[in-house]
Amino acid sequence: LLTSLQSSADRLKLLMADDEETPLHAAACWVRTESVKMILDSLTPDHQIQIMSVQDWDGETAVQIAERRGHTNTVRVLSEYQQRADNLMRGEYSKF
């Protein structure tokens with residue numbers, strides 16, 4: 001479904017349909033690292049930053065959920081995507 005949507009903005013709108021939890025939160029919670037990558041790869045860097053900053057009903061972002069649950073690989077992936085998106089938004093390029 002995500003890849004069938006035309007724009008990153010459309011994908012972000014779908015992913016953030018629930019104001020309190022996104023599919024990124026669920027993927028981080030249940031150690032679905034490949035799903036985390038798929039979700040983030042479907043978005044532009046500015047939209048990646050937006051969805052990674054969404055807090056669930058407990059006030060946690062996806063990376064905070066993964067950290068709390070001890071999902072170190074998922075934390076690493078989320079952190080890498082965050083860093084890359086931040087760099088791209090600043091006009092820098094950092095390959096990971």
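## Rings and charges

Rings of Phe, Tyr and Trp (its six-membered ring) count as a pair if their centres lie within 6.5 Å, with planes under 30 degrees apart called stacked, over 60 edge-to-face and the rest tilted. With that in hand, a search of the whole structure, which is a predicted model, turns up zero aromatic pairs.

There is a charge over a ring to look at, though. Arg69 sits over the face of Trp30, 4.9 Å from the ring centre. The rule here asks for NZ of Lys or CZ of Arg within 6 Å of the ring centre and within 35 degrees of the ring normal.

Residues are numbered from 1 along each chain as its sequence is written, and side-chain values use heavy atoms, with hydrogens and water left out.

The mean pLDDT (the predictor's confidence in each residue, from 0 to 100) is 84 for the protein, and 82% of its residues reach 70 or more. Confidence is lowest in helix α1 (residues 8–15), with a mean of 71, and highest in helix α5 (residues 62–68), at 96.

## Overall build

You will find six helices and zero strands in the protein, so the order from the N terminus on reads α-α-α-α-α-α; helices (H or I, at least four residues) and strands (E, at least two) are DSSP runs, numbered from the N terminus.

Of the 96 residues, 38% count as buried, where buried means under 20% relative accessible area, exposed over 50% and partly exposed in between (1.4 Å probe, protein chains only). The protein exposes about 5700 Å², and carbon and sulfur atoms supply 50% of that; such areas come from the Shrake-Rupley method with a 1.4 Å probe, and for residues only the protein chains shown count as cover. Among contacts (heavy atoms within 4.5 Å) between residues at least 6 apart in sequence, 63% join residues at least 24 apart.

## Salt bridges

The count comes to three salt bridges, each a side-chain nitrogen of Lys or Arg within 4 Å of a carboxyl oxygen of Asp or Glu. One joins Lys37 and Glu34, at 3.4 Å from N to O. Both residues lie in helix α3 (residues 33–41), three residues apart, about one turn of the helix. Lys37 is partly exposed at 27% relative accessibility, whereas Glu34 is exposed at 56%.

Helix α6 (residues 72–89) holds both Arg76 and Glu80, four residues apart and again about one turn of the helix. Their closest N and O atoms are 3.0 Å apart in a salt bridge. Arg76 counts as partly exposed at 41%, and Glu80 does too, at 25%.

Glu60 and Arg68 form another bridge, 2.9 Å from N to O. Here Glu60 is buried, with a relative accessible area of 14%, while Arg68 is exposed, at 53%.

## Around His47

His47 belongs to helix α4 (residues 45–52) and counts as buried, at 12% relative accessibility. Leaving aside neighbours within four places in sequence, His47 is in contact with Ser8, Ala9 and Leu12. The C-alpha atoms of His47 and Lys13 are separated by 9.7 Å, although the two residues are 34 apart along the chain.

Technical notes:
Predicted model: local features only at pLDDT ≥ 70, side-chain atom pairs only at ≥ 80, totals over all residues.
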